[in-house]
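Here is a short briefing on one protein model. Have the sequence and the 3D view open as you read.

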Amino acid sequence: MKVTVSRKAHFNAAHRLYRKDWSFEKNDAIFGKCNNPNFHGHNYELIVSITGEIDQETGYVIDMKILKEIIKAEVEDAFDHKNLNVEVPEFKDLNPTAENIAVVIYNKIKPKLTSHLELEITLFETPRNFVTYSGK
């Protein structure tokens with residue numbers, strides 16, 4: 001009997017969408033306003049979902065206090081009020097699109113979980129624009 005539990009989190013971050021190997025004109029044509037050389041920001045909403053068997057002793061899939069601590073350490077402390085392009089090492093050579101941010105978050109959280117647990121990341125860049133990644 002598998003159950004999915006989820007925890008929401010929030011962080012604010014700035015970024016610029018561009019490729020260093022493209023001209024400003026090409027970046028502007030592809031990324032538009034998101035290519036602003038002075039960056040722009042989002043109030044990101046994150047949903048971290050864990051799927052697994054219910055532990056017969058505790059009744060938990062995962063202790064939510066532990067999940068809260070993982071999210072704080074791996075995401076909130078690392079990304080909140082940061083310029084992703086400048087201050088977050090994972091984006092030194094990776095365009096910080098919502099898609100790439102979700103994959104980076106997945107890759108930071110997954111090693112902290114026991115191997116039998118499945119992970120899914122849903123990242124809202126705006127209330128209407130969001131991505132989901134589950135390692136597949």
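The backbone nitrogen of Tyr18 lies 3.1 Å from a polar side-chain atom of Asn95. That is a polar contact: a pair of N or O atoms within 3.5 Å, where, within protein, one must be able to donate a hydrogen and the other to accept it, and residues adjacent in sequence count only if both atoms are side-chain atoms. The model is predicted, so local features need pLDDT of at least 70 and side-chain atom pairs count only at pLDDT 80 or more, while totals for chains, interfaces and linings use all residues. Residues are numbered from 1 along each chain as its sequence is written, and side-chain values use heavy atoms, with hydrogens and water left out.

**Asn95**
- Asn95 sits in the loop between α3 and α4. Helices (H or I, at least four residues) and strands (E, at least two) are DSSP runs, numbered from the N terminus.
- Asn95 counts as buried because its relative accessibility is 15%. Buried means under 20% relative accessible area, exposed over 50%, and partly exposed in between (1.4 Å probe, protein chains only).
- Leaving aside neighbours within four places in sequence, Asn95 is in contact (heavy atoms within 4.5 Å) with Arg16, Leu17, Tyr18, Phe31 and Asn100.

**Helix α2**
- The 16 residues of α2 should span 22 Å at 1.5 Å a residue, and its end C-alpha atoms are 21 Å apart, which agrees. The expected span is 1.5 Å times one less than the number of residues.
- A kink of about 40° is centred on Lys72. The bend at a residue is the angle between axes fitted to the seven residues ending there and the seven starting there.
- At the start of α2, a side-chain oxygen of Asp63 comes within 2.9 Å of the backbone nitrogen of Lys65.
- After α2 comes His81, with a positive phi near 55°.
- Leu67, Ile70, Ile71, Glu74, Val75 and Phe79 are the buried residues of α2. They pack against β1, β2, β3, α3 and α4.
- Asp77 is also in α2. At 42% relative accessibility, Asp77 counts as partly exposed.
- Not counting residues up to four places away in sequence, Asp77 touches Lys72 and Lys82.
- Asp77 and Phe11 are 66 residues apart in sequence but 9.0 Å apart in space, C-alpha to C-alpha.

**Strands**
- β1 and β2 pair in the antiparallel sense over 14 bridges. Two strands pair if DSSP finds at least two bridges between them.
- Phe11 has Tyr44 in β2 as its bridge partner.
- β1 and β3 (residues 82-83) run parallel and are joined by two bridges. Here Ala14 is partnered with Asn83 of β3.

- α4 (residues 98-109) has 12 residues and reaches 16 Å from first C-alpha to last, close to the 16 Å expected at 1.5 Å a residue.
- Its buried residues include Ala98, Ile101, Val104, Ile105 and Ile109. Their cover includes β1, β2, α2, α3, β4 and β5.
- The largest nonpolar core has 30 residues, and Phe79, Ile105 and Ile109 touch the most other members. β1, β2, α2, α4 and β4 each supply at least two residues of this core. The largest share, seven residues, comes from α4.
- A nonpolar core is a set of buried Ala, Val, Leu, Ile, Met, Phe, Trp, Tyr and Cys residues joined through side-chain atoms within 4.5 Å.
- Not counting residues up to four places away in sequence, Ile105 touches Phe11, Leu46, Val75, Phe79, Ile121 and Leu123.
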